Amino acid sequence: MTPNDPIDPEIRKRQKSRALVMALALGAFVLLLYGISIAKMALA
Amino acid sequence: MYMASVTIKAEALPADWRDFVALTKPRVMTLVVFTGLCGLLAAPVTIHPVLGFTAILCIALGAGAAAALNQWYEADLDALMKRTAARPLPAGRMDKQSALHFGVGLGAFSVLLMGLALNWLAAAILAASILYYVIIYTVWLKRRTPQNIVIGGGAGSFPPLIGWAAATGNVAVLPVLLFLLIFLWTPPHFWALSLFVRTDYAAAGVPMLPVVAGPKTTRNQILLYTIPMGIAAVLPWPLGLSGPIYGIAAVALSLVFLFLAIRVYRNDATEAAAMRPEKKLFAFSVIYLFAIFGALVLDRWMI
C-alpha cells in the first residue's frame, strides 16, 4: 500500500471504534486516579 | 486491486475491541471478581469505597490478563475444540502478537495499579496468581498431566486472598481457608464438566482425567475431593472465624454438593446425553461458590 492509496473503509471503521474505546478507557482511568488521590488524602 | 483489498482484509484488519474484551473471558471473570470482593468485604477493616473499587478492578484486570495470555498460548488447542473454536484467536479475528501485547500490558497495569493504590503485598499476590495461571497451569501442566486441574486450580483460588490483602495489608487464616476451599472445589467442578465434554478434550489431546483414566476414576475422584472441600468450607465456623449464618449455609450447601457428587458417583453413563447428574453438579458447583462467599459476607456484616 502506498501513501496515495485510500485506506480500506473497514480498517478505518475498526481504527475509529478502537480509538473511541481507548479514549473512554483513558478518561475513566484519569477519573479513577483523581478518586484514588482524594481517597488517599482523606485517609491521611 | 481486488486481490490487494482481500489480502488487507485477511491479514491486516485490526481486531475489533469486542474481541479484546472476549479475550479476557468475562464470564469466568464474574466468579473471580465476586470471590475477590467477598475476600475484601470479609476482612475485619473497612476500606474506602474508591480504593475497594480499585482493588476489585485490579483483580478483574489481572484475571483478564491471565485469560488473554492463556488464549495466546493455547490458540492451536482452542482451534481443535468445539467449545473454544470461536474465540478470537482460533477464529482468525485477531493476530497472536496483539493478544500477547494486550495480556502482558493489562497484567503489568493491574499489578502496578494495585501496588500504587492499595499495597504491594496485594500486588505481589496478584502478580503471583497471573504467573501461576499462565506459567504453571497453561504452559507447564495443562498438556502434560491429568493432575492439571488439581494443581492449576490454585490459580483461581487467589482472589479472596488478594481482596483480603488489599483491605488489610496482611494475610490471615480465614482467607487462607477460602483459598483452600476454591482449590479443593476446582477439581470436582472441572471434572464434572470434563466428563460431558470428554470427546472435545480427547480430540485436542488434553490429558484431562476422564480422557486418561476414564469416567469411573473421575467420578471416584469427584466424590473424594468433595469431602475435604466441604470440611474446608465449614471450618471457619468451628474455628470462630465466622458466625452461624455462614456455618449453617456452609453445612447445608456442602451437603447438597455431596448429595450431587454421590449421584455422579453412581452414574455409569459414558455418553454426554446420559450425564444429567454431571451437568447438575457442574451447574450447582457455580451456585455453591457464589452462595458460600455470599453467606460469608452476610455473616460478617449482619453480626
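**Overall dimensions and local features of chain B**

Chain B has 303 residues, and because a compact globule of that length would have a radius of gyration near 19 Å, its value of 20 Å agrees; the radius is taken over C-alpha atoms, and the globule rule is 2.2 Å times the number of residues to the power 0.38. This is a predicted model, in which local features need pLDDT of at least 70 and side-chain atom pairs count only at pLDDT 80 or more, whereas totals for chains, interfaces and linings use all residues. Residues are numbered from 1 along each chain as its sequence is written, chains are lettered from A and ligands numbered from 1 in the order in which they are written, and side-chain values use heavy atoms, with hydrogens and water left out.

The C-alpha trace of chain B spans about 75 × 55 × 25 Å along its principal axes. Chain B contains 15 helices and zero strands, where helices (H or I, at least four residues) and strands (E, at least two) are DSSP runs numbered from the N terminus. Of the 303 residues in chain B, 52% are buried (under 20% relative accessible area, with exposed over 50% and partly exposed in between; 1.4 Å probe, protein chains only).

In the loop between helix H2 (17-23) and helix H3 (26-42) of chain B lies Lys25(B). Although Lys25(B) is not a glycine, it has a positive phi of about 50°. Lys25(B) counts as buried because its relative accessibility is 16%.

Helix H15 (residues 276-302) of chain B also holds a lysine, Lys279(B). Lys279(B) counts as partly exposed, because its relative accessibility is 36%.
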